[in-house]
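Grab a notebook and work through these exercises with the model open beside you.

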Amino acid sequence: MVQTSLCPTGKLSLIFGRLAVCLISAYFLIGCMSPRKLVYFQPKPTGEDTLTMTSRYAPKIQSGDILSIQVSSLNAEATTYFNPYVSFAAMDRSQNASAPQSSLPNSTGYLVDKNGNIDLPLVGTISVANLTTADAKDRIRERLKAYLKEPTVNVRNQNFKVSVLGEVARPTLLTIPNEQITLPEALGLAGDVTIYGRRDNVLVIREENGKKEFAHIDMTKRDLFRSPYYYLHPNDVVYVEPGKVRMASADRMSQVVPAVLSALSFISIILRYY
C-alpha cells in the first residue's frame, strides 16, 4: 500500500482551508434579521395612510439656559448698549484684523440664574423662566421701549442639545439652533440606526420636574407620530439598543478570535520544524 504525505506547503494550505471554513461557518451561525424589523413607519393592517400628529413642541426657558439676545432699533448707537457681546466681538476684530474669530467664548450670551432671571444692561433684571423664547422676546421688547424707539428683539436658546447614543452610525451630541427637532431627524443626523440596532425599541430618556422618564419607542410603527416623544426636548438622550444579531456577533467573535490566534500559534510551531 502506497502512503502519500503532504509537503509543508500542502499542510499549510490544508490548515488555512480549515480555518476559512470555521470562520465562514461562524459568520452564518450569527443568524439573519427579519426585514420587518428594518422598515420604518409600517402601516397598520387597515392600511391607514393619514393620521393625526401630536402637537408641536415649544420649549420653555429654564435655569441654567444661555440665551442669545440681539436688539435693534432706529437708533443704532443706543442699541449697542444692549448688544454687549456683539460690540465686544466687533471691537476685537477691529483691533486684530488678522484673527479669523473673536477671542470671546463661543457660548457668549445671558445665563438664566437659579431664580429664572437674566440681567440686561440698563434694563436690569428680567424674569424669563418658563417662558418660550417668543414670550421672552415680547417681555424684553416691552422693557426696552423705555430706552429705545421701536425696538426689535431676537432671542434664541443656545442650550437646546440632544444626545444620540448606541447603535447609530455616528453617536453624537446635537445642538439645535431652531429649538425644534423630531426623533427621526435626530437619528438621521447621527447617521441613522445601523443594521444591528433595534428600531422597535428606541429608548428616549427625558427629565421632567426633577424626574427621569424612560420611554421605549417603536420606530417601525406609524404610531410614533402620535407619541409625546416624537418631538424631542432639551437634554433628551436617545439610545438605540443593539439587537440579538449584534450581541450574537460579539459573542461569536469572542469565541472565534481566540481559536484563530491559537491556530496561528500552532502553525508557527509547525513552521519551525520545516
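## Exercise 1: a loop aspartate

Asp236 is buried, at a relative accessible area of 1%. Buried means under 20% relative accessible area, exposed over 50%, and partly exposed in between, with a 1.4 Å probe and protein chains only. Before going on: this is a predicted model, where local features need pLDDT of at least 70, side-chain atom pairs count only at pLDDT 80 or more, and totals for chains, interfaces and linings use all residues. Residues are numbered from 1 along each chain as its sequence is written, and side-chain values use heavy atoms, with hydrogens and water left out.

Task: place Asp236 in the fold and list what it touches.

Solution. 
- Step one, the place: Asp236 sits in the loop between strand S9 (211-217) and strand S10 (237-242). Helices (H or I, at least four residues) and strands (E, at least two) are DSSP runs, numbered from the N terminus.
- Step two, the partners: setting aside neighbours within four places in sequence, Asp236 is in contact (heavy atoms within 4.5 Å) with Lys161, Val162, Ser163, Val204, Ile205 and Arg206.

## Exercise 2: a strand asparagine

Task: is Asn201 buried or exposed, and which side chain does its own side chain meet in a polar contact?

Solution. 
- Step one: Asn201 belongs to strand S8 (residues 197-208).
- Step two: its relative accessibility is 15%, so Asn201 counts as buried.
- Step three: the Asn201 side chain makes a polar contact with the side chain of His216 at 2.9 Å. Such a contact is a pair of N or O atoms within 3.5 Å; within protein, one must be able to donate a hydrogen and the other to accept it, and residues adjacent in sequence count only if both atoms are side-chain atoms.
- Step four: leaving aside neighbours within four places in sequence, Asn201 is in contact with His216, Ile217 and Glu241.

## Exercise 3: rings

Task: classify the pair formed by Phe225 and Tyr230.

Solution. 
- Step one, the rule: rings of Phe, Tyr and Trp (its six-membered ring) pair if their centres lie within 6.5 Å; planes under 30 degrees apart count as stacked, over 60 as edge-to-face and the rest as tilted.
- Step two, the count: this rule gives five aromatic pairs.
- Step three, the geometry: the Phe225 and Tyr230 ring centres are 5.3 Å apart with planes at 55°, so the pair is tilted.
- Step four, the setting: Phe225 counts as buried at 17% relative accessibility, and Tyr230 is buried too, at 9%.

## Exercise 4: positive phi

Task: where do Leu122 and Glu150 lie, and are they buried or exposed?

Solution. 
- Step one, some background: most residues other than glycine have a negative phi.
- Step two: Leu122 is not a glycine, yet has a positive phi of about 70°. Leu122 lies in the loop between strand S3 (117-120) and strand S4 (124-127), and is exposed, with a relative accessible area of 58%.
- Step three: Glu150, also not a glycine, has a positive phi of about 50°. Glu150 is in the loop between helix H4 (133-144) and strand S5 (152-157), and is exposed at 57% relative accessible area.
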